[in-house]
Amino acid sequence: MVFRRFGERIVCYARRKSPWVLHLDTGGCNGCAIETFAVLTPRYDIERFGGLSKANPRHSDVLIISGAVTKKIESRLGRIYDQTPEPKVVLAVGSCAISKGVFHDSYNISGPLDRIMPVDVYVPGCPPKPEAILQGLIKALDVWREKYRI
Amino acid sequence: MKEEKKMEKVKEERVTYSLPIGPQHPMYVEAENLNVYLDGETIVDVDINVGYLHRGIEELMQRRNYLQNIYLSERICGICSGIHSMTYCQCIENLLDVNIPERAKYIRTMVLELERLHSHFLFLGVVGYEIGMDTAFMYAWKDREFSMDMLEQVSGNRVNYAMPTVGGVRRDVPNHIIPSMLKKLNHLEKRTEYYRKVFLRDRTIIARTRGLGILPKKDVERFSIVGPVARASGLKIDVRRDTPYLKYDDLDWKVIVEKAEDSQSRVMVKVLEIFQSIKILRQCLKKLPSLDREIKTKVPLVIPKAEAIAITEAPRGELVYYAMSNGTDRPERMRIRTPSFVNIIYSLPIILKEQQLADLPAIVASIDPCFSCTDRMTLIDTKSGEKKTVDETYLKKLGERRLK
Ligand code: SF4
């Protein structure tokens, strides 16, 4: 029993030091998508925190989602959320994802992100700067720690 | 028609399986779905399924007033946000028939060229990324940050600059930032020289781009493909030269044309255009201090009945705005035609035919797809309540019907 706990803790520790992120644009102007992409590149460099961009939801720990959710992508989004293994955290990047932003009264938008999936960290801005997204990611790791008592 | 049926039959016989790519796929940042029909490893045909990012902006524009629409039009695309809002403003200025101050014209030209710089660097990075050459991706995006810095210096924001307003620009460019901008331009020019060498000579890049994704000139003309994609197939079109707007006819620059029609020439056009943008920017910066300080003319925001159109050259090609006013402070109708739409829908099936599946990401990246302005094609049949997304074959059919 003791050993199992110990092993688990090592796994959790390792996980916290290497968050793999999946980014998805769900119908914004893709300004947020570009800024999230910039986080991967040398000036901001997510790899300082062990992060790596992954394309497969099954491999990732952190979901970075930007953009107001359109009707067409809603079901897909649910599926991507389900495919991501626990423990996971969700980052809502940009005013679109948080509150639908400028598109709030559009006929094809089915709602802010937190109506579709639980969101852990909100990064406001239109678009937020890459530094802000990076900080959001670090916050997400803290949330993760609290949530799963790592 | 007969030919199409024959093609359909050939396709059915050959296709061994179909492979859906997307909506969530490493190949692009945005959500989009391609259905690729394969014979072994060879691509026989593709279906493009767009509409995941459709936000109904044209309809939203009719519900907001002319000032609010500036910021909405900016959020059509995060990469070309400047050109969208400036074309919108230009269109409304055409409606009102007003002239904007000289200084505002120069500032607008500057922001547009800065945007072209950042968009082209972004493109170079994405091509490197799709080829599997992460070094190129990191290098290009590192240098792109310099152009983002310049945009931030000029406008205060990195992506949605909110620079233009109807009748001029909202912020002036102070003289003291000019030397530091010139320094950054020098750095970028040096780096671009390096990229030119890399994208022309590097063995990996040649293997993945040269001779692949051929887009013949006659198809470019047939489907009216625009922008750098058309210029890479030897067609000399550029709105900046053909129907000059802002200050482009006073500045010294030239249209870049490549003849090879393949992925590599599409990359090279963009690399060489970076030089031209830098050249234009230098001229603007030199001219700015000597101009009058006025940056805005006052305009009425209730517009009598009129119609107007504005055409500009976005980083990806020709952008058209049409506006119709009805005597109130809201437009009666706005219509936007974006370059990526034609470029993606028509050129993808042509350039992907008979290529290897492994080359698909690199070829798709070479036309610089950007979907956020493309997604507008959901048809709703109001009688039966049936919804369908318009695909490429349907559009082709519509086009053929028009031609007849
Ligand atoms: S929050 Fe702003 S920048 Fe981000 S996707 Fe929405 S409109 Fe674009």
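At what angle do the axes of helix α6 (residues 134-155) of chain B and helix α7 (residues 178-201) of chain B cross?

Mentor: The axes of α6(B) and α7(B) cross at roughly 160 degrees and come within 10 Å; axes are lines fitted to C-alpha atoms, for helices over the stretch in contact, and angles run from 0 to 180 degrees between N-to-C directions. The model is predicted, so local features need pLDDT of at least 70 and side-chain atom pairs pLDDT 80 or more, while totals for chains, interfaces and linings use all residues. Residues are numbered from 1 along each chain as its sequence is written, chains are lettered from A and ligands numbered from 1 in the order written, and side-chain values use heavy atoms, without hydrogens and water.

Helices (H or I, at least four residues) and strands (E, at least two) are DSSP runs numbered from the N terminus. α6(B) and α7(B) are therefore roughly antiparallel (over 145 degrees; under 35 is roughly parallel, 65 to 115 roughly perpendicular, the rest oblique). Their crossing is left-handed, as the near helix is turned anticlockwise from the far one by less than a right angle (clockwise would be right-handed).

α6(B) also packs against chain A: helix α2 (residues 31-39) of chain A meets α6(B) at about 120 degrees, with the axes 11 Å apart. α2(A) and α6(B) are therefore oblique to each other, and α2(A) passes α6(B) in a left-handed crossing.

Elsewhere in chain B, helix α5 (residues 102-131) and helix α12 (residues 263-287) have axes that come within 9 Å and cross at roughly 155 degrees. α5(B) and α12(B) are therefore roughly antiparallel, and α5(B) passes α12(B) in a left-handed crossing. Their contact has 16 nonpolar, 3 polar and 6 charged residues (Ala, Val, Leu, Ile, Met, Phe, Trp, Tyr, Cys and Pro count as nonpolar, Asp, Glu, Lys and Arg as charged, the others, Gly among them, as polar).

Returning to chain A, the loop between β1 (20-25) and α2 holds A:N30, whose phi is near 65 degrees, a positive value in a residue other than glycine. In the loop between β5 (121-123) and α5 (130-148) of chain A lies A:P127, and the peptide bond from A:C126 to A:P127 is cis, with omega near -10 degrees. Most residues other than glycine have a negative phi, and most peptide bonds are trans.

A:C126 and A:P127 are also among the residues surrounding the ligand (a heavy atom within 4 Å). Others include A:C29, A:C32 and A:C96, as well as B:R75 and B:N160; the ligand lies between chains A and B. The shell divides into 5 nonpolar, 5 polar and 1 charged residues.
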